[in-house]
Amino acid sequence: MRGELRYWLELARLMVDRRFLSVKPALEPLPVLLIPGFMAGDASLTFLAGWLRRRGHAVRGSGMLFNVGCAGRELARLERLLDEMDERVIVIGQSRGGTLARALAAGRRDQVAGLVTLGSPVLDPLAVSSSVMLTVRSVARLGDLGLPGVFSSECADGDCCADFNALLRAPLEPGMPAVAVHSPSDGIVDWRACLDPYAECVEVDGSHCGMAVNPAVYRELESVLQRTEEAVCRQ
């Protein structure tokens with residue numbers, strides 16, 4: 001967990017990174033939906049959202065203040081949000097947000113043009129460190145006690161999340177640009193759970209919490225965004 005303090009170093013490097021400061025506008029920018037990580041909200045992706053807007057994208061947040069809701073219900077809500085956007089969309093999710101993004105891409109192939117997951121344990125959403133697991137159990141306990149808007153213990157394998165869990169294992173649209181970013185030194189998630197067999201798996205050196213401010217991630221984002229835009233233009 002001490003390695004997660006690298007977030008501040010990663011952010012400092014991003015603030016002087018030429019790719020971040022001097023953005024090359026996209027020729028055909030697609031809308032982007034951003035989904036934050038566990039216990040985080042849309043504000044946690046502020047730097048990424050700003051960079052995307054400077055690139056020309058219309059950016060939509062998930063509407064989350066804290067990502068602690070039942071995954072099945074959150075997936076249904078995000079599907080309605082996609083319907084409101086009424087265009088093909090690139091979906092980017094960090095950590096737990098990436099698992100929701102992955103399920104969204106598998107279930108709405110006609111609406112999701114590209115997918116990026118940042119440190120997202122799509123193979124096992126509970127492949128997290130022991131300290132984080134304690135937090136997960138504490139949050140689930142609140143849900144068990146009836147706190148609204150919070151997942152409960154039943155969400156792990158209950159009917160509410162059956163579709164979500166199935167979509168995490170489902171194939172993605174053939175040819176859809178999809179990138180799964182992971183870090184072997186991730187202090188929160190077991191990086192091996194991030195290796196989506198249907199995506200291009202890209203390794204970076206960095207922390208889990210710093211995925212959205214890691215300069216190396218922005219190099220990968222620039223590539224996948226461009227490939228997605230080109231793929232949509234060819235269709």
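**Pockets and helix packing**

The largest pocket holds about 980 Å³ of space. The model is predicted. In total, 42 residues line the largest pocket. Of these, F38, R96, P125, L126 and V136 lie nearest its centre. The most comes from α6, which gives seven residues. By class, the lining of the largest pocket divides into 27 nonpolar, 11 polar and four charged residues.

The second largest pocket holds about 280 Å³ of space. Its lining includes K24, P25, A26, L27 and E28. R55 also lines the second largest pocket, as do E222, Q226, E229, E230 and C233. Helix α8 (residues 215-234) gives the largest share of this lining, five residues.

Helix packing was examined next. Two packed helices are described by the angle between their axes and the distance between the axes.

Helix α3 (residues 46-55) packs against α8. The axes of α3 and α8 come within 13 Å and cross at roughly 45 degrees. The two helices are therefore oblique to each other. Their crossing is right-handed. On the α3 side, the contact is made by F47, L48, W51, L52 and R55. On the α8 side, the contact is made by Y218, L221, E222, L225, Q226 and E229. By class, the contact of α3 with α8 has seven nonpolar, one polar and three charged residues.

The axes of α5 and α7 come within 8 Å and cross at roughly 80 degrees. That angle makes α5 roughly perpendicular to α7. From α5, the contact is made by T99, L100, R102, A103, A106 and G107. From α7, the contact is made by F164, L167, L168 and R169. The contact of α5 with α7 has six nonpolar, two polar and two charged residues.

The crossing of α4 and α5 is right-handed. A71, E74, L75, L78, E79 and L82 make the contact from α4. R96, L100, A103 and L104 make the contact from α5. By class, the contact of α4 with α5 has seven nonpolar and three charged residues, with no polar ones. R96 takes part in the contact with α4 and is among the residues that lie nearest the centre of the largest pocket. L100 and A103 of α5 make contact with α4 and are also part of the contact with α7.

Definitions and conventions:
Residues numbered from 1 in each chain as written. Predicted model: local features only at pLDDT ≥ 70, side-chain atom pairs only at ≥ 80, totals over all residues. Heavy atoms only, no water. 1 Å grid on protein atoms, 1.4 Å probe; cavity = no way out; pocket = protein on both sides within 12 Å on 5 of 7 lines; lining within 4 Å. Points joined across faces, edges and corners; volume = space filled by probe spheres on them. Helix = DSSP H or I, 4+ residues; strand = E, 2+ residues; numbered from the N terminus. Nonpolar A, V, L, I, M, F, W, Y, C, P; charged D, E, K, R; others polar. Axes fitted to C-alpha atoms, helices over the stretch in contact; angles between N-to-C directions. Parallel < 35°, antiparallel > 145°, perpendicular 65-115°, else oblique. Left-handed = near helix turned anticlockwise from the far one by under 90°. Contact = heavy atoms within 4.5 Å.
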